Amino acid sequence: MENPTAHQLSKHPKTPLAGPYGHPLHPTLVTIPIGAWTASLVFDVVALLGSDDAPFLTGAQWLVGIGIIGALAAAVFGLMDFMTLTGGTAAHRTALVHMSLNLTAVALFAISFFLRLGSDKQDFSFLPFVLSVVGYLIVGASGYLGGKLAYHYGVRVADEKTQSEGFRQGSEKNLNSR
């Protein structure tokens, strides 16, 4: 690329570790904490409403911990994608808010985890549950911004020329038949 724009630079990884062009690893890895934290909230609700809450409280604690580990792994790859952004751009500012929200959510889940660790697994405790719910809502807001980075700004997404390759063969005939 001769004199690439900030937008063009955001599409290419700074290192192969971030995933190849058009296939960043960060969006794949975020499914681990989101799935673990979703399941932990389900386990918490079952513990709250059920009669034998001990196994569900233990399961929720494990899932919160797995989510934290997954979030830290996703953050490493998200940081690699962040490094492709030029400072001062709307995409860079959006990514800073996205990252800040995620770090806040991970901190809330970490507090929830340690409160669960020190609690009696026979009784439901509302504080770790509330922290998890708030953290989960923050992850949702952050996910919206992550989607904006990818789908609106095209960060680490293949350019339109590459994207159009999926629509070339036979597409003209299909458009004429409408």
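Figure 1. A cavity is, on a 1 Å grid over the protein atoms alone, a set of points where a 1.4 Å probe fits but cannot get out, and its volume is the space filled by probe spheres set on the points, which are joined across faces, edges and corners. This is a predicted model, in which local features need pLDDT of at least 70 and side-chain atom pairs count only at pLDDT 80 or more, whereas totals for chains, interfaces and linings use all residues. Residues are numbered from 1 along each chain as its sequence is written, and side-chain values use heavy atoms, with hydrogens and water left out. A search of the whole structure finds one cavity of 30 Å³ or more, and the largest cavity holds about 90 Å³ of space.

**Figure 2. The largest pocket and its lining.** A pocket is an open set of grid points with protein on both sides within 12 Å along at least five of seven lines, and the largest pocket contains about 890 Å³ of space. It is lined by 35 residues, of which His26, Val30, His98, Asn102 and Gly146 lie nearest its centre. Two or more lining residues come from each of α2 (26-29), α3 (31-49), α4 (54-82), α5 and α6, these helices being DSSP runs of H or I with at least four residues, numbered from the N terminus. The largest contribution, 10 residues, is made by α6, and the lining as a whole divides into 24 nonpolar, nine polar and two charged residues.

**Figure 3. The contact of helix α5 with helix α6.** The axes of α5 (residues 90-117) and α6 (residues 126-152), lines fitted to C-alpha atoms over the stretch in contact, come within 8 Å and cross at roughly 160°, with angles running from 0 to 180 degrees between N-to-C directions. That makes α5 roughly antiparallel to α6, a term for angles over 145 degrees. The contact has 20 nonpolar, nine polar and two charged residues.

Figure 4. Gln8 lies in helix α1 (residues 6-9) and, at 34% relative accessibility, counts as partly exposed, a class between buried, under 20%, and exposed, over 50%, for a 1.4 Å probe and protein chains only.

Terms used: Angles under 35 degrees count as roughly parallel, over 145 as roughly antiparallel, 65 to 115 as roughly perpendicular and the rest as oblique. Ala, Val, Leu, Ile, Met, Phe, Trp, Tyr, Cys and Pro count as nonpolar, Asp, Glu, Lys and Arg as charged, and the others, Gly among them, as polar. On a 1 Å grid over the protein atoms alone, a cavity is a set of points where a 1.4 Å probe fits but cannot get out, and a pocket is an open set with protein on both sides within 12 Å along at least five of seven lines; lining residues have an atom within 4 Å of a point.
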